[in-house]
Amino acid sequence: MLGSHLVQALKLGMLAAVATMAIGLSGCEKKTETPAAGTGSTTAPKDGTAGAPAGGTDAAPAGGATAASGEEIVIGHYGSLTGSEATFGKSTDNGIKLAVQEANAAGGVMVNGKKHKIRLISEDTEGKPEKAGTVVTKLVTKDEVTAVLGEVASSVSLQGAPVCQAYGVPMITPSSTNPDVTKVGDMIFRVCFIDPFQGKAAATFVSKELKLKKVAILFDQASAYSVGLKDEFGKAFVAAGGTIVSEQAYTKGAADFSAQLTRIRGDSPEAIFIPGYYSDVANIAMQARKLDLKVPLVGGDGWDSEELGKNAKTAIEGCFYSNHYAPDQASPEITAFVGKYQKEFGGIPDGLAALGYDAAKILFDAMGRTKSLKGPDLRDAIAATKDFKGVTGSITINEDRDAVKPVVIVERKDGAWKFRSSIAPE
Ligand code: PHE
């Protein structure tokens, strides 16, 4: 149905346009690598929204993938299956796979009275923002996916979302918390909370529960997530009567953080807030302890990886981070999910696995309610999600296409992360 020459031509034009746009956004200058460059598209979306053919209109190149009776529905996932944040992508992919298996074991997802099996195509971003445009364009134009799940990292989602928006294909990020991600357009959703709330929750925890007044911040200057969460934490901590005694930046993947840590030590904080990803945090924690900086380290959801404890060992004892779920938190949804995940993949699922599972479940729930699988119809069904009982809490999509949910604080005790408290949204 999508194979006509006209549609094919539109697709090639759009491919060039969107790939160029994505590359432009990522600041890469190698225009020669643009797929199908030179097809001279005149239908280029200028800002990722205006002028883009909305999926589901008659001339839509994609996003209108309407599976015929009995045909399978193809969905895409883009994530860091390799690279320095590989556990983010792998856990998410496992969570999605579990949801797909469950749907298919039940005969498929029911759309307008007919069941369709789901087929998942996963693409690796290596955790690099500059890869997102290419892999999402591939999923949308070549695989003609009905919807896209991903990415984890906000900086990567910010590059993938404009492609989904331009083609009118709904995208649900399981876990990108930077507010700008869903602002890309009306096709972009998330099933997690956003950083203004996460930052405030962490600040409230440090000031009210730990009763600390002086905090230093060490953040990744090139990450949209890290910069945003630093700002939100700082604002809320100062509003709660605290002081940010030091603010230091680092570059992801750096080997040596001792210059920043030495300056921080000079400012005598009672805790250090590090809104970064687990691989850097492990190195930072070990180097901090070597410099005799013994105060608690506090982080956000980016700490969520088994690798952090494995690598940092005792350096991370007595530290805290905010997250989307804790596997040891009591709830029937969590217990059932942990059991199923363990049987399938072994090991305890992290928050990414839980969010990947919830994102896929919400997509299938929306498919069960949609008028059709065309982009705008599916978008409307996702937008109407209300009180969905997810593993990561009850999920209602608000008018900004974000989810409003509690933040969980976990604590490292005797070599394991333990549920400490839950902070409800206002
Ligand atoms: N919230 C992080 C971001 O936006 C990603 C993340 C989510 C990492 C959950 C770990 C766990 O970049």
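**Group meeting: helix pair and open sheet**

Okay, let's start with the helices: α3 and α4 cross in the right-handed sense, that is, the near helix is turned clockwise from the far one by less than a right angle. Before I go on, this is a predicted model, where local features need pLDDT of at least 70, side-chain atom pairs count only at pLDDT 80 or more, and totals for chains, interfaces and linings use all residues. Residues are numbered from 1 along each chain as its sequence is written. Helices (H or I, at least four residues) and strands (E, at least two) are DSSP runs, numbered from the N terminus.

Back to that pair. The axes of α3 (residues 129-142) and α4 (residues 154-167) come within 8 Å and cross at roughly 30 degrees; axes here are lines fitted to C-alpha atoms, for helices over the stretch in contact, with angles from 0 to 180 degrees between N-to-C directions. That makes α3 roughly parallel to α4, a label for angles under 35 degrees. Among the residues making the contact are G133 and V136 of α3, with G160 and Y167 of α4; contact means C-beta atoms, placed from the backbone, within 7 Å.

Now the sheet. Seven strands make it up, open and mixed in pairing, in the order β9-β8-β10-β11-β12-β15-β16. To count as paired, two strands need at least two DSSP bridges between them. β9 (243-250) and β16 stand at the edges with a single partner strand each, so one side of each has no neighbour in the sheet. From one strand to the next, the twist averages 25 degrees.

Let's zoom in on β10 (residues 271-274). A271 and F273 point one way, I272 and I274 the other, and all are buried, meaning 20 or more other C-beta atoms within 10 Å of a residue's own, with C-beta atoms placed from the backbone. β10 runs parallel to β8 (residues 214-220), joined by three bridges, and I217 stands opposite F273. Three bridges also join β10 to β11 (residues 297-299), again parallel, and here F273 stands opposite V298.

Last stop, β15 (residues 407-413) and β16 (residues 416-423), antiparallel over seven bridges. They form a hairpin with two residues between them, and D414 in the turn has a positive phi of about 50 degrees. K413 sits opposite A416, and R412 opposite W417.

Key
A residue is buried if 20 or more other C-beta atoms lie within 10 Å of its own, exposed if 12 or fewer, and partly exposed in between; C-beta atoms are placed from the backbone. Angles under 35 degrees count as roughly parallel, over 145 as roughly antiparallel, 65 to 115 as roughly perpendicular and the rest as oblique. Two residues are in contact if their C-beta atoms, placed from the backbone, lie within 7 Å.
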